[in-house]
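Reader: I am new to this structure and would like a short tour of it. Could we begin with the chain as a whole and then turn to some local details?

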Amino acid sequence: MTDPKVTSGKHMSFWIDSVLPLSFSPLKENINTDVVIVGGGIAGISIAYCLEQAGKKVIVVEDGNIGSGETGRTSAHLVCALDDRYYELQRIYGSEQTKHIADSHKQAIDLIERICKKENIKCDFERVDGYLFLHPTDKDESIEKELKAAKNAGLEIEAVEVMPGIKDNSKSLKFLNQAQFHPMKYLKGLCEVLTARGVKIYTDTKADKIDHTGVVTKDGFRINSEYVVIATNTPVNNKYVMHLKQYAYRTYVIGARIKKGSVPKTLWWDTGDFSQNAEIPPYHYVRIQPFDNDYDLLICGGEDHAVGLVEDDKINEEDKYGLLEYWLRQRFEIIDIVYQWSGQVMEPFDSLGYIGRNPKDEKNIFIVTGDSGNGLTHATIAGILISDLINGKDNPWESIYDPSRFKLFSAGKTYFKELVGGMINYLKQKPKDPKSVELQSIRPGQGKIVELDGKKFGVYRDKQDQFHMVGAECTHMKCIIKWNNDEQSWDCPCHGSRFTTEGKVLNGPANDDLSYHADKF
Ligand SMILES: Cc1cc2nc3c(=O)[nH]c(=O)nc-3n(C[C@H](O)[C@H](O)[C@H](O)COP(=O)(O)OP(=O)(O)OC[C@H]3O[C@@H](n4cnc5c(N)ncnc54)[C@H](O)[C@@H]3O)c2cc1C
Ligand code: FES
């Protein structure tokens, strides 16, 4: 396993591999501020930037390095061509609100572009067009419906006969003026700007206790703050409400070398595989990234599955990369695969991020979550919106992104399948007695759940033949964790918490480590 301070799994993404670690000193004193932000991914850092611009005194605390969460594992399409389809958004939110939704994502891309220019951040930001094309299992009418709905929402979009760069002539739509960038170079640039202007960023600093007065870190230091913003991807301060409104998905990425300039810089996405028994049909997403003097990197993602329903998928996590490669080779001339990694996205049941005041809590505590596959723009929207809310400015997006909104009855299909499916999966495991799993049946480099003296443990056998045992009950709400053989982590099927082989939290909503016992055998 790679150092969890650097990235949250075994595999190293191209983004993390191509910049120096973004680390700062840990917090070692008590301190006062206007706003404390927990989480140093694109959400936390974008919010810090907007608040600093509005004149607030800001502190950011990050458990690992900056970008060590999902931002370092993204694919970095910057789009207002949203994953969940405009015709769906119109059905759930109505035409007028859908125009605001489209506008918010457009404004997010514009803001990133403006920041890069104004602050001279060299992060490979480029405007590119994006193409949505029909998956063979989908119906023509979904492209037609999307064209109409996206036009109605105010997007620049057109139906096209031929897509550039890709050997696929499925029915498609061109979304004009989308963008792409290198997310870690962007964060690096923002951190330099922020720290030069007095924003304090502390890494290797975990927020342990969080309330309306501020944060106490794991090392016992106190940050007193007028406002508290939780940007931990999935909120670690909200135990129940938000985790009943969204579901964790795992998604896979490969990076393939292609001859430099052989494919025009473009974004491509298919509409998803409707033959699979999934409420969100897994789709492919592809883009080009400059790599070195001779090659570009073709970055292709997909093969998603709900974390709690991985068994339904019947394909091992580590086999997903081969499927991506097969799909990619049918459409592009690639040389070889030089990167592979996976990551997690939170899918809100009503298709839109949750940004604003933490439900059922004090008014000065804010959250951003429910990123879905458009988390980079959602995070930037959070920068604008949370800064406005803290500064008492009206913003037309407030009610749309309000984390307290409840659209279950217009959007509930996904919710029931994934949430209930995850719980059933958990219950299916719970009564089973895994005593039969003998420790010696665990191969080096693998983990399994075993029962010892009536208690369940996750046991990992490392390559040196040492066993590492963690308590198997997730510290969020006690679901039984599962072994992720690809990223070599313990993942919780209920709401997406993840832990290292030594029980350290990699992803919330859990904020406490699992108990860890080494060499007990
Ligand atoms: C494979 C993949 C492809 C994607 N592709 C796209 C795409 O093309 N376009 C797009 O828009 N989005 C995409 N996304 C989604 C997007 O990358 C994410 O939504 C976004 O990066 C999330 O940013 P964040 O700041 O919310 O979370 P993170 O980057 O995860 O940051 C949260 C941080 O909080 C820290 N933290 C957690 N708990 C604590 C604590 N108690 N104390 C201190 N710090 C804490 C973590 O260490 C972490 O660094 C993709 C995601 C994946 C995984
Ligand atoms: S993430 Fe909620 S119980 Fe594990």
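Author: One term is needed at the outset: two residues are in contact when they have heavy atoms within 4.5 Å. The model shown is a predicted one. Among contacts in the chain between residues at least 6 apart in sequence, 70% join residues at least 24 apart.

Reader: What does the secondary structure of the chain come to?

Author: The chain has 10 helices and 25 strands.

Reader: Let us turn to helices. How are two packed helices described?

Author: One gives the angle between their axes and the distance between the axes. Here, helix α3 (residues 86-118) packs with helix α4 (residues 140-152) at an angle of about 15°, and their axes are 10 Å apart.

Reader: Are α3 and α4 roughly parallel or roughly antiparallel?

Author: Angles under 35 degrees count as roughly parallel, and α3 and α4 are therefore roughly parallel to each other. The crossing in which α3 passes α4 is left-handed.

Reader: Which residues of α3 and α4 meet?

Author: From α3 there are Tyr86, Tyr87, Gln90, Ser95 and Lys99; they meet Ser142, Lys145, Glu146, Ala149, Ala150 and Asn152 of α4. By class, this contact has four nonpolar, four polar and three charged residues.

Reader: Where do Asn120 and Lys478 lie?

Author: Asn120 is in the loop between α3 and β4 (126-133), while Lys478 is in the loop between β20 (467-471) and β21 (482-484).

Reader: Is Asn120 buried or exposed, and what about Lys478?

Author: Asn120 is exposed, with a relative accessible area of 53%. Lys478 is exposed as well, at 51%.

Reader: Which residues does a cis peptide bond join?

Author: The cis bond joins Gly508 and Pro509, with omega about 5°. Pro509 is placed in the loop between β24 (505-507) and β25 (516-518).

Notes
Residues are numbered from 1 along each chain as its sequence is written. Chains are lettered from A and ligands numbered from 1 in the order in which they are written. This is a predicted model: local features need pLDDT of at least 70, side-chain atom pairs count only at pLDDT 80 or more; totals for chains, interfaces and linings use all residues. Side-chain values use heavy atoms; hydrogens and water are left out. Axes are lines fitted to C-alpha atoms, for helices over the stretch in contact, and angles run from 0 to 180 degrees between N-to-C directions. Helices (H or I, at least four residues) and strands (E, at least two) are DSSP runs, numbered from the N terminus. Angles under 35 degrees count as roughly parallel, over 145 as roughly antiparallel, 65 to 115 as roughly perpendicular and the rest as oblique. A crossing is left-handed if the near helix is turned anticlockwise from the far one by less than a right angle, and right-handed if clockwise. Ala, Val, Leu, Ile, Met, Phe, Trp, Tyr, Cys and Pro count as nonpolar, Asp, Glu, Lys and Arg as charged, and the others, Gly among them, as polar. Buried means under 20% relative accessible area, exposed over 50%, partly exposed in between (1.4 Å probe, protein chains only).
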